[in-house]
Amino acid sequence: MARITSKVAYEATMERIEELLPLVDDNTPPTNKNAVELDLLSAMVEEYEDEHFPIEQPSLVSVMKLRMYEMGLNQAKLAELLGVSSSRISDIFNGRCEPTLQLAREISRKMNVDAHIVLGV
């Protein structure tokens, strides 16, 4: 399969995809020339983006803050939920310490945070 090798080619491919999107929908047969072209171009863009714009795993602190927002918790309520002091949560948020294995387990369970993010793997 062809590859996108430059930013100019990437932008031109994205423009062509924008032209094809209105022409293809869920009812378009997979053998339709526009559908085939859209699939090929999309695969090329995905490969280019994976190489040039990788998405990194979020940090534990950013995920915890997001979950706090979603759960309507402040730092004191989070500390209470996890069974630790507010200063311990503050230390974790400010990078002064890492959660213990027991606390990591509680963060994963009670905040519904993926274990890979909690453990940094």
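**Reading the rings and helices**

Modeller: Apart from its neighbours within four places in sequence, Phe53 is in contact with Tyr10 and Tyr48. Please keep in mind that this is a predicted model.

Biologist: Where does Phe53 lie?

Modeller: Phe53 is located in the loop between α2 and α3. Its relative accessible area is 47%, and Phe53 is therefore partly exposed.

Biologist: By what is a pair of aromatic rings described?

Modeller: The description of such a pair rests on the distance of the centres and the angle of the planes. In this model the count comes to 3 aromatic pairs, taking rings whose centres lie within 6.5 Å. One of them joins Tyr10 and Phe53, at 5.8 Å centre to centre with 55° between the planes, and is tilted.

Biologist: Which parts does the pair of Tyr10 and Phe53 tie together?

Modeller: Tyr10 belongs to helix α1 (residues 7-20), whereas Phe53 is in the loop between α2 (33-52) and α3 (60-71), so the pair ties together parts that are 43 residues apart in sequence.

Biologist: How are the rings of Tyr48 and Phe53 arranged?

Modeller: Their centres are 6.2 Å apart and their planes stand at 70°, so the pair of Tyr48 and Phe53 is edge-to-face.

Biologist: Is Tyr10 buried or exposed, and is Tyr48 buried or exposed?

Modeller: The cut-off for buried is under 20% relative accessible area. Tyr10 has 13% and is therefore buried; Tyr48, at 7%, also counts as buried.

Biologist: Which ring does the charged end of Lys65 sit over?

Modeller: The charged end of Lys65 is placed over the ring of Phe93, 5.2 Å from the ring centre.

Biologist: I turn now to helix packing. At roughly what angle do the axes of α3 and α4 cross?

Modeller: The axes of α3 and helix α4 (residues 75-82) come within 11 Å and cross at roughly 100°. Angles of 65 to 115 degrees count as roughly perpendicular, and α3 and α4 are therefore roughly perpendicular to each other.

Biologist: Which residues make the contact?

Modeller: From α3 the contact involves Met64, Met68 and Met71, and from α4 it involves Gln75, Leu78, Leu81 and Leu82. Sorted by class, the contact of α3 with α4 has 6 nonpolar residues, 1 polar residue and no charged residues.

Biologist: How far apart are Asp39 and Ile17 in sequence and in space?

Modeller: Asp39 and Ile17 are 22 residues apart in sequence, and their C-alpha atoms are 9.3 Å apart in space. Asp39 is found in helix α2 and, at 53% relative accessibility, counts as exposed. For another pair, Phe53 and Ser85, the values are 32 residues in sequence and 39 Å in space, C-alpha to C-alpha.

Biologist: Finally, what is the phi of Asn112, and where is its place?

Modeller: Asn112 has a positive phi of about 55°, although it is not a glycine. Asn112 is placed in the loop between α6 (101-111) and α7 (115-119). With a relative accessible area of 61%, Asn112 is exposed.

Note on methods. Residues are numbered from 1 along each chain as its sequence is written. This is a predicted model: local features need pLDDT of at least 70, side-chain atom pairs count only at pLDDT 80 or more; totals for chains, interfaces and linings use all residues. Side-chain values use heavy atoms; hydrogens and water are left out. Rings of Phe, Tyr and Trp (its six-membered ring) pair if their centres lie within 6.5 Å; planes under 30 degrees apart count as stacked, over 60 as edge-to-face and the rest as tilted. Helices (H or I, at least four residues) and strands (E, at least two) are DSSP runs, numbered from the N terminus. Buried means under 20% relative accessible area, exposed over 50%, partly exposed in between (1.4 Å probe, protein chains only). A charge sits over a ring if NZ of Lys or CZ of Arg is within 6 Å of the ring centre and within 35 degrees of the ring normal. Axes are lines fitted to C-alpha atoms, for helices over the stretch in contact, and angles run from 0 to 180 degrees between N-to-C directions. Angles under 35 degrees count as roughly parallel, over 145 as roughly antiparallel, 65 to 115 as roughly perpendicular and the rest as oblique. Contact means heavy atoms within 4.5 Å. Ala, Val, Leu, Ile, Met, Phe, Trp, Tyr, Cys and Pro count as nonpolar, Asp, Glu, Lys and Arg as charged, and the others, Gly among them, as polar.
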